[in-house]
Amino acid sequence: FEKFNSSEIQPCNTRAISRSPRVDTEIESLGLLPYFRRDEHTSDHRNCPACQCANMALQAEKKNISTLTFADAAKFWKLRRAQSKRLKARTHETTAENLRALEKFFSKVRLCDITPGNIRAYQLARLDNLIRTSGEDLHPWSHYAGHSRINHEVSTLGQMLRHCRLWQRIKPFYFPLSIPSWSPREIFTDEEEEQFFRVAAQHPEAELAYWIATITANTTAAGCELRGLRLRHVFLRPTPEISEIYIPEDAVKNDSRPRKIALNSVAKWAVQQCYKRALKLGCADPDHYLFPGRIKRNHYDPLQPPSRWFLRNSWNQLRAATGHSELKPHDLRFLCITKLLEEGVHPETVRSLAGHVTQKMVEYYAKHRRKAKYAAVRVLEPKKKKSPKSEPAKRQRKQA
């Protein structure tokens with residue numbers, strides 16, 4: 001890192017390569033901003049900032065971090081990934097989150113000293129949120145983690161070790177935690193859905209969660225996608241025309257998820273409410289976010305996206321009001337896809353609307369409701385035979 005603090009390189013004044021403002025802030029705080037920016041070349045390329053930045057980027061790519069402690073290597077790893085144009089902002093956020101969790105266990109361990117036993121111990125400690133050190137029980141993580149979350153965190157560690165060519169000696173002894181391939185969740189019946197939204201509409205403290213739940217249940221757009229919307233991605237048109245929202249590339253995790261979604265009358269109303277809220281919070285420019293990021297209480301920055309937890313407080317109020325304590329925002333995406341398939345919408349149309357890559361994903365989300373399943377099995381019931389006593393009565397009516 002001493003090489004990066006050289007005063008010979010002049011800072012550049014153009015846009016960052018990274019798409020994420022949070023990553024740019026971390027780079028700037030470490031004094032490394034010049035090496036991740038582009039600038040115009042000087043005519044003779046002497047003391048040329050653009051050439052020097054390219055040179056430092058190449059050196060950083062080949063830097064050996066295997067002898068660094070995990071805490072130092074994690075800083076370098078984030079900066080290295082920030083150079084990639086291919087990675088999306090959400091990927092950078094997830095990587096940073098995984099590194100923070102890993103650092104609580106591996107902070108002072110050098111990468112070259114990490115063994116399969118260390119990784120197994122991390123899995124067990126992360127599951128129980130417990131590290132026992134010198135007779136003292138520590139709970140370093142704020143929340144328990146499930147198998148999938150832990151596997152993703154270890155995957156980030158594996159990427160770092162692969163970069164250092166250290167993963168091959170660990171790979172034969174690494175066993176990811178088992179994840180069930182099928183995790184069914186209960187889907188609202190028609191009556192439960194109607195009651196849920198009727199009760200939610202009566203609680204002003206949960207209005208943001210109510211609006212987003214309405215949008216998700218009518219468009220398949222999840223909250224993590226909606227938080228990336230800017231005003232220019234919302235197309236509210238007069239009634240005869242079709243209103244739409246566009247899920248942009250930087251708000252999703254893969255190339256199949258950017259899409260335009262038509263709004264029915266219910267979803268259009270909910271989007272209008274969110275748009276009015278954005279205008280009240282100071283959003284006016286097309287590049288301003290539909291859900292601006294909160295700086296502090298009652299203060300918002302229209303140019304900053306909301307955090308991943310921007311819906312948490314309002315959603316907790318919604319849970320308390322409706323009595324569905326286990327309901328997650330993503331469950332309403334399940335509900336929307338299930339209803340579309342039950343109503344006979346073609347699976348290809350559902351895939352296009354939901355942004356799925358394969359038919360397998362459609363089948364995973366399509367957890368049909370109990371009422372639909374009951375209607376299906378009733379087809380198998382034996383048909384009732386006609387009562388022989390009723391035949392003479394029918395003949396008499398015909399003769400009459």
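**Close-up views of a predicted model**

**View 1. Helix H11 and its cover.** What covers the buried residues of H11 includes H7, H8 and H12. The model shown here, as in every view that follows, is a predicted one. In H11, the buried residues are Ser314, Trp315, Leu318 and Thr322. These four lie on the same side of H11, because they cover an arc of only 100° around the axis. On the other side of H11, Asn313 and Ala320 are exposed. After H11 comes Gly323, which has a positive phi, near 85°. An α-helix has 3.6 residues a turn, so residues that are three or four places apart point the same way.

View 2. Within helix H7, which runs over residues 190-200, Glu193, Phe196, Phe197, Val199 and Ala200 are buried. They cover an arc of only 165° around the axis, which puts them on the same side of H7.

View 3. Asn98 has its place in helix H4, which covers residues 89-106. With a relative accessible area of 6%, Asn98 is below the 20% limit and therefore counts as buried. When its neighbours within four places in sequence are left aside, Asn98 is in contact with Arg149, His152, Glu153 and Thr156.

View 4. A pair of aromatic rings is described by the distance of the centres and the angle of the planes. The protein's aromatic pairs come to a count of eleven. In the pair of Phe105 and Phe106, the ring centres are 4.9 Å apart and the planes stand at 70°, so the pair is edge-to-face. Phe105 is partly exposed, with a relative accessible area of 24%, whereas Phe106 is buried at 1% relative accessibility. Both residues belong to one aromatic cluster, formed by Phe70, Phe105, Phe106, Tyr122 and Trp141.

**View 5. The ring pair of Trp167 and Tyr174.** The ring centres of Trp167 and Tyr174 are 5.6 Å apart and their planes stand at 65°, so this pair is edge-to-face. Trp167 counts as buried at 5% relative accessibility, and Tyr174 counts as buried at 17%.

**View 6. A charge over a ring.** The charged end of Lys260 sits over the ring of Phe235, at 4.8 Å from the centre of that ring.

Notes. Residues numbered from 1 in each chain as written. Predicted model: local features only at pLDDT ≥ 70, side-chain atom pairs only at ≥ 80, totals over all residues. Heavy atoms only, no water. Buried < 20%, exposed > 50% of the residue type's maximum accessible area, 1.4 Å probe, protein only. Helix = DSSP H or I, 4+ residues; strand = E, 2+ residues; numbered from the N terminus. Arc of directions from axis to C-beta. Contact = heavy atoms within 4.5 Å. Phe/Tyr/Trp six-rings, centres within 6.5 Å; stacked < 30°, edge-to-face > 60°. Lys NZ or Arg CZ within 6 Å of the ring centre and 35° of its normal.
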